[in-house]
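Morning, everyone. Please bring up the model.

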Amino acid sequence: FDDRDGWIWFDGEFVPWREAKTHVLTHGLHYGSSVFEGERMYGGEIFKLTAHSQRLKRSAELLDFEIPYSVAEIDAACKETCARNGLIDCYIRPVAYLGAEQLSVSARNSKVHLAIAAWEWPSYFDPEVKKKGIALEWAKWRRPDPSTAPSTAKAAGLYMICTMSKTAAEKRGYADALMLDWRGYVAEATGANVFFVKDGALHTPRVDHILDGITRQTVIEMAQARGTEVVVRDILPEELAGFSECFLTGSAAEVTPVGQVGDYRFTPGELSLGLMDDYGKLVRGQL
Ligand code: PMP
């Protein structure tokens, strides 16, 4: 992915894509001192841009470091990155991390770096499979107890088990994995939040210990505006037997219907497909 044309915003300057490199002794690489965002531009507008920039700053604070740019500066840099690359429909990836100024578990003499890349990425899951509902397996790994990690941050370190779970799922022919939390309740997929449908209402896990998805919040508001009840609560895996629909939400995944979680089957219905369409309209300012 490093060998392509384009420009990457790197510590306040644009550098050619191939030259946007960090040293092998980068603190973030050794100790996971890295936070990031994932956002999309639709028709020239980045959806919920400021919410993403604010979350990036907050994720860094949760890891005890401060990004040396304001939310407004990060917003502007994201827009400039898209413009510089001539993109109007794309995915944007800001990443902030501690550099190679020192190599020690301590971060006292490390500097915070910020890079922003953008590229065309039409669909996170196969668009054809998406309509029928993607297949998930249960992840072997659980989301950590919030007392063992800053679990609400969008921090690279928290993705170690996501990468392992997603890769294992793909090797077995699944699109993704659904993870439980440390207590054994349903948490989220490896890069998206999860919703279920029962008797016309949406049910979704609490997010005080996992990533509070910006798409999740958007979908909750859209559903409530349609008069759909949204129940935020602890969900046990065996409850999946009583749900009729399931879908994932995320900036990359958007609204993705789920057809299977392990042995449980779902048929994407009115709510999943309706919210999928509405979300597609909302992000393009057509709702
Ligand atoms: N959970 C995880 C683990 C994620 O990586 C993502 C994607 N950022 C989400 C949830 C959804 O968050 P958002 O809707 O803000 O993209």
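Start with contact: two residues touch if their C-beta atoms, placed from the backbone, lie within 7 Å. Helices (H or I, at least four residues) and strands (E, at least two) are DSSP runs, numbered from the N terminus. This is a predicted model, where local features need pLDDT of at least 70, side-chain atom pairs count only at pLDDT 80 or more, and totals for chains, interfaces and linings use all residues. Residue numbers start from 1 along each chain as its sequence is written.

First pair. Which residues of α2 meet α3? On the α2 side, they are Leu49, Thr50, Ser53, Gln54, Leu56 and Lys57. Their partners in α3 are Val71, Ile74, Asp75 and Cys78. By class, that contact has five nonpolar, three polar and two charged residues. Here Ala, Val, Leu, Ile, Met, Phe, Trp, Tyr, Cys and Pro count as nonpolar, Asp, Glu, Lys and Arg as charged, and the others, Gly among them, as polar.

Now geometry. Axes are lines fitted to C-alpha atoms, for helices over the stretch in contact, and angles run from 0 to 180 degrees between N-to-C directions. Helix α2 (residues 49-62) packs on helix α3 (residues 71-84) at about 120 degrees, axes 9 Å apart. That makes α2 oblique to α3. The cut-offs: under 35 degrees is roughly parallel, over 145 roughly antiparallel, 65 to 115 roughly perpendicular, the rest oblique.

Second pair. Helix α6 (residues 214-225) and helix α7 (residues 270-282) have axes that come within 11 Å and cross at roughly 110 degrees. α6 and α7 are therefore roughly perpendicular. Val219, Met222 and Ala223 of α6 make the contact with Leu275, Asp278, Tyr279 and Leu282 of α7. The classes here are six nonpolar, no polar and one charged.

Stay on α6. Buried there are Ile214, Thr215, Arg216, Thr218, Val219 and Ala223. Buried means 20 or more other C-beta atoms within 10 Å of a residue's own, exposed means 12 or fewer, and partly exposed is in between. Just after α6, Gly227 takes a positive phi of about 85 degrees.

Last, two loop residues. Asp11 is not a glycine, yet its phi is positive, near 50 degrees. Asp11 lies in the loop between β1 (7-10) and β2 (13-16). Buried or partly exposed? Asp11 has 13 C-beta neighbours inside 10 Å, so it counts as partly exposed. Lys48, also no glycine, has a positive phi of about 55 degrees. Lys48 sits in the loop between β5 (45-46) and α2.
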